[in-house]
Amino acid sequence: MNHYIICKMQEKIFSFLLNGEKAVEIHCDGENEDSLLGNIYIGKIRDMVKNIGAAFVEIRPGTVCYLPFSDIENPIYTKKGSSPGPQMGDELLVQVSRDAIKSKYPSVTTNLTLHGKYILLTTGNRRISASSKLKKDEKKRLTGIVEGLESQLIEEIKPSVYSDIHGNPDEDRQSETNASNRFFGWLLRTNSQDADQKTIEADMRRLLIQLQSLLQTAPHRVCFSCLLSGPHPWVARLSDLYQTSADCILTDDKTIWNEIMDYVSVYQPDDLQKVSFYQDPLLPLYKKYSLERKLKEAVSERVWLKSGGYLVIQPTEALTVIDVNTGKYEGAGKNPQKAFYKINLEAACEAARQIRLRNLSGIILIDFINMDSADNNNKLLEFLNELLKQDPVKTVLVDMTRLSLVEITRMKKEKPLHELV
């Protein structure tokens with residue numbers, strides 16, 4: 001049975017995704033932490049720096065964010081200067097796409113994204129597209145559902161959706177507001193696998209109403225207003241859970257339970273039956289599932305394999321290195337190359353799990369045990385690549401370098417676990 005557990009430990013809130021006894025993901029958040037990620041603000045352009053291809057946008061007094069020129073697509077202005085393009089002093093809607101990292105500013109984008117459990121609405125892409133992890137037939141079925149529903153839903157909601165972008169439309173303009181000239185697009189998430197039309201429609205309708213409210217409100221709010229702030233991160237992550245990844249959503253904290261119930265009731269009613277409140281005064285939740293031990297293992301440098309080999313995981317400022325060692329393995333005998341291949345396969349499984357578990361990102365180098373056989377090296381890369389495709393965060397196996405180091409890149413969405421604990 002798979003559990004998603006949210007509990008308080010060490011004066012922080014931890015979220016554990018457990019696959020049986022093994023931890024698949026661990027997230028750590030401060031109880032009152034001020035996370036900007038996903039929030040939508042009316043920001044003001046303070047500077048345009050052409051030589052780095054970016055603007056600097058203030059989203060609240062004293063909070064300056066980095067906005068690449070490439071992310072200024074279909075901007076929604078609330079106050080615009082005379083220049084047709086973006087310029088200093090312009091006020092526009094921006095969404096925080098990355099929190100501040102050490103000395104780096106937070107990043108924002110004008111490509112607004114509204115999240116549903118099964119589908120995303122985005123102003124940065126006017127197409128209907130689907131997750132690359134969905135199979136071809138499923139993509140075709142799901143995009144067909146969206147195409148069939150879209151015109152009907154836009155016809156229903158069009159006056160307020162279009163009025164604040166294009167001005168109050170007259171009758172002719174209203175007749176043109178259909179799917180062919182929409183200013184937003186849809187992205188079907190991996191979660192939408194096997195979803196029926198009723199489920200997709202509910203998500204689309206809610207997102208269109210949310211967009212409607214956002215665009216109606218924006219012209220009447222002052223600069224630096226926060227137009228949309230998401231729930232706490234430990235609750236928002238519930239929308240990222242695949243239908244099959246958690247059979248039970250569990251907490252022993254009444255405040256957290258109330259937040260989960262409020263969120264799930266509105267956004268994920270299908271998951272209501274999964275939510276449980278744990279009560280046992282003799283055996284705390286973190287003890288029952290050995291969460292402290294799992295957390296300690298997830299930040300330790302050395303990870304042992306069943307074969308007796310082990311991984312050494314060392315994050316640095318520029319990249320993360322994972323070194324594979326034979327350790328206590330004693331089965332090499334007369335055929336060490338076969339033994340090395342066996343350990344490398346086991347190490348690939350564990351490395352893929354640890355990358356997701358520790359939320360490692362950026363450049364990751366894996367130093368597997370050297371093998372003489374090019375065929376075994378290719379098989380190892382194919383095996384690892386299939387494992388990395390299962391990661392919900394975009395992870396790419398680049399290649400094996402001439403020094404036999406396997407190079408991986410993983411998108412950065414949050415700080416790695418070792419920085420947060």
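Predicted model: local features only at pLDDT ≥ 70, side-chain atom pairs only at ≥ 80, totals over all residues.

Modeller: Residues are numbered from 1 along each chain as its sequence is written, and side-chain values use heavy atoms, with hydrogens and water left out.

Colleague: What is the phi of Glu11?

Modeller: Most residues other than glycine have a negative phi. Glu11 is found in the loop between strand E1 (2-9) and strand E2 (12-19), where helices (H or I, at least four residues) and strands (E, at least two) are DSSP runs numbered from the N terminus. The phi of Glu11, a residue other than glycine, is positive, near 60 degrees.

Colleague: Does Asp194 count as buried or exposed?

Modeller: Asp194 lies in the loop between strand E13 (185-188) and helix H3 (197-217), and has a positive phi of about 70 degrees although it is not a glycine. Buried means under 20% relative accessible area, exposed over 50%, and partly exposed in between (1.4 Å probe, protein chains only). At 62% relative accessibility, Asp194 counts as exposed.

Colleague: How many salt bridges does the structure hold?

Modeller: A salt bridge is a side-chain nitrogen of Lys or Arg within 4 Å of a carboxyl oxygen of Asp or Glu. By this criterion, the number of salt bridges in the structure is 19.

Colleague: Which residue meets Glu58 in a salt bridge?

Modeller: The N to O distance of the salt bridge is 2.5 Å. Glu58 lies in strand E5 (residues 54-60) and the partner in strand E4 (residues 40-49), so the pair ties together parts that are 12 residues apart in sequence. The partner of Glu58 is Arg46.

Colleague: How many residues apart in sequence are the parts that Asp240 and Arg189 tie together?

Modeller: The side chains of Asp240 and Arg189 meet in a salt bridge with an N to O distance of 2.5 Å. Asp240 lies in the loop between helix H4 (233-236) and strand E15 (248-251), and Arg189 in the loop between E13 and H3, so the parts tied together are separated in residues by 51.

Colleague: Which residues of the largest nonpolar core touch the most other members?

Modeller: A nonpolar core is a set of buried Ala, Val, Leu, Ile, Met, Phe, Trp, Tyr and Cys residues joined through side-chain atoms within 4.5 Å. The largest one has 33 residues, and those touching the most other members are Leu121, Val146, Phe184, Trp186, Ile200 and Met204.

Colleague: Which strands stand at the edges of the open sheet of 5 strands?

Modeller: Two strands pair if DSSP finds at least two bridges between them. The order of the sheet is E3-E2-E1-E15-E16, with mixed pairing. Each edge strand has a single partner strand, so one side of each is left without a neighbour in the sheet; the edges are strand E3 (22-30) and strand E16 (275-277).

Colleague: At about what angle does helix H5 run to E16?

Modeller: Axes are lines fitted to C-alpha atoms, for helices over the stretch in contact (heavy atoms within 4.5 Å), and angles run from 0 to 180 degrees between N-to-C directions. Helix H5 (residues 254-267) lies across E1, E2, E15 and E16, and its angle to E16 is about 160 degrees.
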